[in-house]
Amino acid sequence: MSPITRQVLDSALALPAEAQLELIEALIAGLDEANPESLDEAIIGEIQRRSAEYDAGLVQPIAWSEVRRLGRSR
């Protein structure tokens, strides 16, 4: 981990839990614009496996709002 990344991480870990969750959400939202071409084959395979499980009805999705609520309650 680079020194700058370590400094950012240390600063983020010093934040209250709710602020950490807001930061995580903002970082994830920024990844939504990531180039799918940059995903390696293992990640693409995992996405395809999970998608097939969902399509087959083997898993039930959880709304992001519920995941966020559960994360904040911990």
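1. Which side chain does Arg6 meet in a salt bridge? The partner is Asp10, with an N to O distance of 3.5 Å. Please keep in mind throughout that the model is predicted.

2. Side chains of opposite charge can pair when their charged atoms come close. Over the whole structure, the count of salt bridges comes to 7.

3. Next, have a look at how two of the helices pack. Helix 2 (residues 17-31) and helix 4 (residues 64-73) lie at an angle of about 150°, and their axes are 10 Å apart. Their crossing is right-handed.

4. Which residues make this contact? From helix 2 come Leu21, Glu22 and Glu25, and they meet Trp64, Arg68, Gly71 and Arg72 of helix 4. Sorted by class, the contact of these helices has 4 charged residues, 2 nonpolar and 1 polar.

5. Finally, the surface deserves a glance. Ile24, Ile28, Ile62, Trp64 and Val67 make a nonpolar patch of about 460 Å². Helix 2 and helix 4 are the elements that each give two or more residues to this patch. Ile62, for its part, is in the loop between helix 3 (41-55) and helix 4.

Definitions and conventions. Residues numbered from 1 in each chain as written. Predicted model: local features only at pLDDT ≥ 70, side-chain atom pairs only at ≥ 80, totals over all residues. Heavy atoms only, no water. Axes fitted to C-alpha atoms, helices over the stretch in contact; angles between N-to-C directions. Helix = DSSP H or I, 4+ residues; strand = E, 2+ residues; numbered from the N terminus. Left-handed = near helix turned anticlockwise from the far one by under 90°. Contact = heavy atoms within 4.5 Å. Nonpolar A, V, L, I, M, F, W, Y, C, P; charged D, E, K, R; others polar. Patch = residues over 30% accessible without salt bridge, like charges linked within 9 Å, V, L, I, M, F, W, Y side chains within 5 Å. Areas by Shrake-Rupley, 256 points an atom, 1.4 Å probe, with all protein chains shown as cover. Salt bridge = Lys/Arg side-chain N within 4 Å of Asp/Glu carboxyl O.
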